[in-house]
Amino acid sequence: MVNRRHIRSKVLQAIYAMTQNQSDQLDIYERYLFNSLENIRELYLLMLSSFLELQKVEEEFLDVSSKKHLATPEERSPNKKFINNNVLQILVQSETLNNWLEELQVNQFHVNEQYIKGLLQDIKKSDVYKHYMRNNVNTFEEDKSFVIQLFTDFIAPNEKIYEFLEDYKISWIDDIPVVNTAILKQLESLKDGSSYFRINKVFKDDEDRDFAKQLFRKTALNADAFVKEYEDKTRNWELDRIAEIDTIILNLGVCELQKFPSIPVKVTINEYLELAKEYSTPKSSIFINGILDALVKEYKNENKLNKIGRGLIE
């Protein structure tokens, strides 16, 4: 689910927290790093649970309406196309998904059902819903297209849900785009006749998990040595005036250049420029690009750029 860029951002945050607290307790902040990454699973499950809760709330509403003393003919025999949606049923009936939700006690949208009820009201007022409900015939492709539109137009961009997620766990703010992208890809990949919904892993493979651990440990343990690599290249920038976050980004970049021979130089530089744009000042990316580029030229001239395999790609 998480890509290398997101892993880098989480390592950056863990080292920044460690630096801010002036701590040298590596194990504590390594656990912090992996807890932050593993928490992405809970967010992923929670966002998936929104579909289950929407289906459940609407099903309960139709049931109660049909039993009213003065129920209209439409209420007695409602159009159940929404609650019978093929894709929603795959999710509702997924033992794997429901077991994960129960095991991790992911029930925030059930406990705080006002978010789901408000979301459902917005959906039912929309032309998307009205067009979908113009008949009561369920076809897989239409059901799939409708659910994808629900997610992209109503669930993912919902401001109240975003605020709830931010208040519930601040670390999720950076994770929401990653999780939403993963869910959207899964919805788009569903095929007619599917009966199994696969739950994504946090890491693509053990190599990515090890990358997170090694990048954190090697950067934290060699921070002072990495600073010495570029302190003579800061020119008019005094080291004590460089933004702390920039120093960490530079250390991460130097770490990859020196300690990760299979990662291409261009990948390393591009990744940390993007992190600088996201987490630091407007001019930071220019500064960081200049330092890392100068280091690469120096390492090449001195045959210190030890790259192998894929890392040799220019």
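**Exercise 1. Classify Glu298 and find its partner.**

Solution. Glu298 has a relative accessible area of 23%, so it is partly exposed. The classes use a 1.4 Å probe and protein chains only: buried is under 20%, exposed over 50%, partly exposed in between. Next, the partner: Glu298 and Lys233 form a salt bridge, 2.6 Å from N to O. A salt bridge here needs a side-chain nitrogen of Lys or Arg within 4 Å of a carboxyl oxygen of Asp or Glu. Now place the pair. Glu298 sits in helix 16 (residues 284-301), and Lys233 in the loop between helix 13 (223-230) and helix 14 (244-259), 65 residues apart. Helices are DSSP runs of H or I with at least four residues, strands runs of E with at least two, numbered from the N terminus. Lys233 is buried, at 16%.

This is a predicted model: local features need pLDDT of at least 70, side-chain atom pairs pLDDT 80 or more, while totals for chains, interfaces and linings use all residues. Residues are numbered from 1 along each chain as its sequence is written, and side-chain values use heavy atoms, without hydrogens and water.

**Exercise 2. Locate the salt bridge of Glu207 and state the exposure of each partner.**

Solution. Glu207 pairs with Arg4; their closest N and O atoms are 3.7 Å apart. Glu207 lies in helix 12 (residues 206-221) and Arg4 in helix 1 (residues 4-20), 203 residues apart. Glu207 is exposed, at 55%. Arg4 is partly exposed, at 23%.

**Exercise 3. Count the salt bridges and the secondary-structure elements.**

Solution. The salt-bridge count is 23. The protein chain has 16 helices and zero strands.
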